[in-house]
Amino acid sequence: MDYDKKLHFAAGFLISTLFVLFSHNIVLSLGAAILAGIGKEAYDWLVNRKAKREGKLPPHSVEFEDAAMTSMGGAMGVCVVSILFRLV
């Protein structure tokens, strides 16, 4: 797994973990991670589109796998926190 995918996974994990710790809502927490992953790729797409209009090279890659890794990190974060709360 390349470094970028690891960063996306870590971001999703962090987002969902923080959300579930503060909101105690698993669905909201996972949704936040998924939305963050999709939002980041949408932002990259818009930045690339602007760069192309200006005749520049696109600075970002837009990949479904990035959004998927952010979502998987979010799912893992929710699972870890859920397990820890049940153990305590």
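Visitor: What makes lysine 56 count as buried or exposed?

Guide: This is a predicted model, in which local features need pLDDT of at least 70, side-chain atom pairs count only at pLDDT 80 or more, and totals for chains, interfaces and linings use all residues. Residues are numbered from 1 along each chain as its sequence is written, and side-chain values use heavy atoms, with hydrogens and water left out. Buried means under 20% relative accessible area, exposed over 50%, and partly exposed in between (1.4 Å probe, protein chains only). Lysine 56 has a relative accessible area of 52%, so the label is exposed.

Visitor: Why is the contact between glutamate 54 and lysine 56 called a salt bridge?

Guide: The term requires a side-chain nitrogen of Lys or Arg within 4 Å of a carboxyl oxygen of Asp or Glu. For glutamate 54 and lysine 56 the N to O distance is 3.4 Å, so the pair qualifies. Glutamate 54 itself is partly exposed, at 45% relative accessibility.

Visitor: How do you know which class lysine 5 belongs to, buried or exposed?

Guide: Its relative accessibility is 11%, so lysine 5 counts as buried.

Visitor: What does lysine 5 pair with?

Guide: Lysine 5 forms a salt bridge with glutamate 63 at 2.6 Å, N to O. Glutamate 63 lies in the loop between α2 (26-53) and α3 (64-87) and lysine 5 in helix α1 (residues 3-23), so the bridge ties together parts 58 residues apart in sequence. Helices here are DSSP runs (H or I, at least four residues), numbered from the N terminus. Lysine 5 also bridges to aspartate 66, with the closest N and O atoms 2.9 Å apart.

Technical notes. Helix = DSSP H or I, 4+ residues; strand = E, 2+ residues; numbered from the N terminus.
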